[in-house]
Amino acid sequence: MVADPPRGDPKRFAATGEPKANGVSTLIPVEDQDSAAGGCCSSREQVRRCLRANLLVLLTVVAVAAGVALGLGVSGAGGALALGPARLAAFAFPGELLLRLLRMIILPLVVCSLVGGAASLDPSALGRLGAWALLFFLVTTLLSSALGVGLALALQPGAAFAAVNASVGVLGDGKPAPSKEVLDSFLDLVRNIFPSNLVSAAFRSYATYYEMRKVAGDQSETLVKVPLGGEVEGMNILGLVVFAIVFGVALRKLGPEGELLINFFNSFNDATMVLVSWIMWYAPVGILFLVASKIVEMEDVGTLFTSLGKYIVCCLLGHAIHGLLVLPLIYFLFTRKNPYRFLWGIMTPLATAFGTSSSSATLPLMMKCVEEKNGVSRHISRFILPIGATVNMDGAALFQCVAAVFIAQLNQQPLDLVKIITILVTATASSVGAAGIPAGGVLTLAIILEAISLPVHDLSLILAVDWLVDRSCTVLNVEGDAFGAGLLQNYVDRTESRSPVPELIQVKSETPLPQLLSAPPEEGNPLLKPCLGAAGDADTFEKESVM
């Protein structure tokens with residue numbers, strides 16, 4: 001009789017087919033058979049599993065490369081003039097559809113995730129996590145600003161820039177932003193933190209604009225710039241974030257009475273994440289046409305890269321250094337984990353950020369990836385990432401510092417130490433609450449130029465290549481958000497590992513076991529009835545079955 005192989009052994013066995021003298025076949029592991037056959041099947045299966053696990057990442061990266069190739073090909077064949085406005089709109093339609101889908105998800109995702117995240121955290125832990133997150137965002141933004149100023153002063157992108165101003169200014173597809181006082185910009189930031197109407201905050205925000213009015217004097221009339229305020233198009237994401245956090249803390253304070261509403265927001269958030277997982281599979285198609293259509297819209301890509309090449313290289317080099325060296329080094333020093341493995345887990349949101357050029361639109365994908373691939377818990381990612389998408393703008397701060405130094409060199413204005421410090425502080429402060437939308441950094445660049453008395457009309461040069469630089473800014477912004485979530489997860493894990501668990505066990509075991517067994521049953525519990533022990537006493541209880 002042949003003995004069966006042990007069931008607990010994970011290896012599989014197979015007969016050799018060559019019986020021994022006693023008629024019993026020899027059992028050998030199937031793994032050994034496969035290795036003897038060369039191991040081709042196992043290696044192919046591993047490659048197949050790897051491709052299947054990272055299919056979405058590969059599709060997204062391939063879509064970016066294909067979009068660049070398609071855009072350059074269409075531009076070489078005539079570009080926007082050959083296509084015409086109608087065909088160009090149809091060509092860009094798949095990318096527009098992706099942006100609309102992602103923007104549709106932003107409002108329920110931000111509100112529900114922050115309400116649920118703030119309600120799931122203890123108020124003291126909420127304060128600690130928020131303080132650490134803001135400290136991380138502030139330090140990394142200051143580092144990126146200093147890196148941008150240092151690179152711009154070293155590479156001198158605007159020193160030899162003479163007669164290109166007019167030619168490139170024609171290529172700029174945007175208008176210079178109106179000049180805005182620094183004080184009014186910060187007052188608008190505070191006003192948007194406290195929106196007057198939550199419904200209107202979902203699609204409108206407050207902004208100050210100016211009107212020139214004549215004021216009669218003693219002898220003549222003078223023109224005075226009068227500040228006026230009003231609602232402008234654009235979601236007030238900062239006000240919604242603050243309200244959602246405070247509302248979540250209030251639900252936590254309610255105790256059991258607020259559990260029903262907390263469960264509602266959590267369920268709403270889970271359903272939103274299901275929609276995000278469906279949208280993710282359409283993202284490669286939308287990104288391909290977003291990148292291609294943006295390249296086709298440019299009139300002469302070659303002239304732009306020739307005239308503003310040094311400025312573009314300065315921005316992209318700064319983003320690469322900060323994103324591939326500075327942020328991973330900070331993550332490694334605090335966690336002692338491989339930061340590039342963490343980066344691989346968020347490749348899909350990074351590629352989506354490059355395609356959409358919007359940190360807010362990338363937020364749903366980033367939440368899903370850091371939770372499923374990088375092991376960040378839900379209550380941390382859904383609390384920190386929406387805040388990071390609002391207040392953490394490492395890429396925008398670096399780009400604004402490079403652009404400010406570039407414009408100063410362009411106008412041959414020297415920068416002393418006071419002006420450099422002003423650029424650093426203003427770039428860090430103005431990036432907080434900057435719109436997480438395409439070209440949002442250019443809007444806040446005017447604040448820095450006003451702070452150091454530089455002409456605002458040179459923004460047309462920045463807008464000419466903003467379609468490329470802004471995408472790199474967005475990638476760095478969302479990468480900083482993800483590393484912040486990973487660092488906070490490591491902080492929470494270390495805090496929980498130091499919790500006094502043995503003290504709790506000791507407190508629970510202070511009561512002697514006989515005293516616990518002789519305690520009376522819970523009053524009024526119909527499922528407990530006394531059970532007579534061996535001596536006839538009723539010291540033990542058993543639960544009565546309700547089946």
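At what angle do helix α14 and helix α23 pack, and how far apart are their axes? Helix α14 (residues 309-335) and helix α23 (residues 466-497) pack at an angle of about 5°, and their axes are 10 Å apart. Axes here are lines fitted to C-alpha atoms, for helices over the stretch in contact, and angles run from 0 to 180 degrees between N-to-C directions. Helices are DSSP runs of H or I with at least four residues, numbered from the N terminus. The two helices α14 and α23 are therefore roughly parallel to each other, a term for angles under 35 degrees. The residues of the contact of α14 with α23 divide into 15 nonpolar, 8 polar and 2 charged. In this count Ala, Val, Leu, Ile, Met, Phe, Trp, Tyr, Cys and Pro are nonpolar, Asp, Glu, Lys and Arg are charged, and the others, Gly among them, are polar.

The model is predicted: local features need pLDDT of at least 70, side-chain atom pairs count only at pLDDT 80 or more, and totals for chains, interfaces and linings use all residues. Residues are numbered from 1 along each chain as its sequence is written, and side-chain values use heavy atoms, with hydrogens and water left out.

Next come the salt bridges. A search of the whole structure finds 6 salt bridges, each a side-chain nitrogen of Lys or Arg within 4 Å of a carboxyl oxygen of Asp or Glu. One of them joins the side chains of D188 and R191, at 2.8 Å from N to O. Both residues lie in helix α8 (residues 182-193), 3 residues apart, which is about one turn of the helix. D188 counts as buried because its relative accessibility is 3%, whereas R191 is partly exposed, with a relative accessible area of 37%. Buried means under 20% relative accessible area, exposed over 50%, and partly exposed in between (1.4 Å probe, protein chains only).

Another salt bridge links D270 with R382, whose closest N and O atoms are 3.4 Å apart. This pair connects distant parts of the chain, with D270 in helix α11 (residues 259-280) and R382 in helix α18 (residues 378-391), 112 residues apart. D270 counts as partly exposed because its relative accessibility is 31%; R382 is buried, at 6%. R382 also meets the side chain of E371 in a salt bridge of 2.9 Å, N to O. E371 is in helix α17 (residues 359-372), 11 residues from R382. Both E371 and R382 are buried. Through shared partners, salt bridges join D270, E371, R378 and R382 into one network.

W344 is found in helix α15 (residues 339-345) and counts as partly exposed because its relative accessibility is 41%.

Two loop residues remain. Q156, in the loop between α6 (123-155) and α7 (165-171), has a phi near 55°, a positive value in a residue other than glycine. Q156 is partly exposed, with a relative accessible area of 32%. Phi of Q412 is near 55° as well, again positive in a residue other than glycine. Q412 lies in the loop between α19 (394-410) and α20 (417-431), and at 71% relative accessibility Q412 counts as exposed.

Terms used. Angles under 35 degrees count as roughly parallel, over 145 as roughly antiparallel, 65 to 115 as roughly perpendicular and the rest as oblique.
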